[in-house]
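Here's a quick briefing for anyone meeting this structure for the first time. Have a look at the model, then read on.

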Amino acid sequence: MTKSNRFASIRSTKKTVTTLQAEPAKPESAVVHSVDREVVERSDKLSLSQMGWRAHFQRQLAEQEFQDGRVARISAHHRGQYGLLTELGETSLAIKSDLPPMTVGDWLLLDEQDRFLHLFERDSLFSRKAAGCRSERQLIASNLDWVFIVSSLNHDFNINRIERYLALVNDAKVTPVVVLTKQDLCDDISAYTEQLRALDSNLLIETVNGLENDSVQALESYCCMGKTVALIGSSGVGKSTLVNTLLGQAEQSTSGVRADDSKGRHTTTGRSLHLMPSGGLLLDTPGMRELQLADCEDGVNDTFSELVSLAERCRFGDCQHQEEPGCAVQAAISSGNLSERRLISYQKLLREQALNGASIAEKRAQGRSQSKLYKRIQDSSRSNKRG
Ligand SMILES: Nc1nc2c(ncn2[C@@H]2O[C@H](COP(=O)(O)OP(=O)(O)OP(=O)(O)O)[C@@H](O)[C@H]2O)c(=O)[nH]1
Ligand SMILES: [Mg+2]
Ligand SMILES: [Zn+2]
């Protein structure tokens, strides 16, 4: 991502201002260093509502009764610091161990010296299993208004996959919009949209040619001032193409997101919020693309709500909807009111999320027993030294 792509008209009169608190000593290097904070003055500063501020956060601000705080939104997650948007322009906050875990999209309050005061309660959150042996969840993105589930109108279209994405998005408490790309290459769009309508007659569906500006206008109403949008979808469906068209410039590689490292100073993990010409904010993070179903039973149940309400009418509370007598789900399948595919997909996704969730729990348990073991070894070596 080049400089001009991020908050297009940033005037690069950069100055380094006050030093934030020293970072906690690192065990190996033991170097305690101060962290410079950059303030980039912008010629077109954004107001809070342009940044996506809304009543949900305003209420919290009123309850907290902060006097002199300054509200900021995380726009990027670099290796050692968060990029922040404020009404005064862009700034950054060093990531230190005393900060709560935060992610792009989060709203926070800074004090007069721009030190962290408070993280606002999110109204939506995407997270995933942390990589490696870390047992906690890794936060991916928060406070979104819409997620575009991108799928192409060709043989890649897969209704089961779309259901999986719907479960993820519903679980994060964000409204999904299914965006079908490559309409220019498709002769029978309704064959696809009918399958989607069968999932949920209220599902928001848009079809576009991602390469064409005019066609992408269909998405404009979701991308208006202050709305935050993210995209998910499998490889090759046209996400990067859509991002380019939505941002109004073809600066993003269509084979992946380029790191925003225009200053050559920070290594970024590539997460960032981009201002669209339509006034909305596009949250584009690699993490969104690698989301897995884990611990999201609620999202799966929301996505299959008609099946959940049928199941409430089964004779047995623990009905598996196989061959049990009085099974309302099987009755609906027999009468043609429910497709068998839907039941199979529901049960598969429930299993999948439970399995992925269980491995997190297992890791946690492993982590706990390992640290107990280390503690015992330490204790015994200490007592040996003493003795
Ligand atoms: N004809 C046509 N081609 C499209 C459309 N959208 C995307 N493409 C093409 O499809 C190919 C894949 O598009 P990308 O935008 O790179 O796909 P992606 O979803 O970002 O893929 P990954 O980065 O691998 O996840 C490119 O060659 C695009 O030019 C469309 O609406 N119509
Ligand atoms: Mg891409
Ligand atoms: Zn049943």
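Predicted model: local features only at pLDDT ≥ 70, side-chain atom pairs only at ≥ 80, totals over all residues.

Strands β11 and β12 (residues 204–207) run parallel and pair over four bridges; strands pair when DSSP finds at least two bridges between them. Residues are numbered from 1 along each chain as its sequence is written, while chains are lettered from A and ligands numbered from 1 in the order in which they are written.

**Around β11**
- V179 has E206 of β12 as its bridge partner.
- To get from β11 to β12, the chain goes through helix α3 (residues 189–199), and this β-α-β crossover is right-handed (with the strands pointing away from the viewer, the path from the first strand over the helix to the second runs clockwise).
- β11 also runs parallel to strand β10 (residues 146–152), joined to it by seven bridges.
- One of the pairs there is W146 with T175 of β11.
- β10, helix α2 (residues 159–171) and β11 form another β-α-β unit, and that is right-handed too.
- Why is β11 largely enclosed by the rest of the structure? Because five of the seven residues in β11 (residues 175–181) are buried, meaning 20 or more other C-beta atoms, placed from the backbone, lie within 10 Å of a residue's own.

**The ligand's surroundings**
- Ligand 1 has 18 residues around it, and the closest are G210, S235, G238, S240 and T241 (near means that a residue's C-beta atom, placed from the backbone, lies within 6 Å).
- Helix α5 (residues 239–247) gives the most to this shell, three residues.
- By type, the shell holds three nonpolar, twelve polar and three charged residues; Ala, Val, Leu, Ile, Met, Phe, Trp, Tyr, Cys and Pro count as nonpolar, Asp, Glu, Lys and Arg as charged, and the others, Gly among them, as polar.

**A look at L307**
- L307 sits in helix α8 (residues 305–311).
- L307 counts as buried because 20 other C-beta atoms lie within 10 Å.
- Beyond its neighbours within four places in sequence, L307 is in contact with V329, L338, R342, L343 and Y346 (contact means C-beta atoms, placed from the backbone, within 7 Å).

**The whole protein**
- The protein has ten helices and 15 strands.
- Of its 387 residues, 36% count as buried.

Terms used:
Helix = DSSP H or I, 4+ residues; strand = E, 2+ residues; numbered from the N terminus. Buried ≥ 20, exposed ≤ 12 C-beta atoms within 10 Å, placed from the backbone. Contact = placed C-beta atoms within 7 Å.
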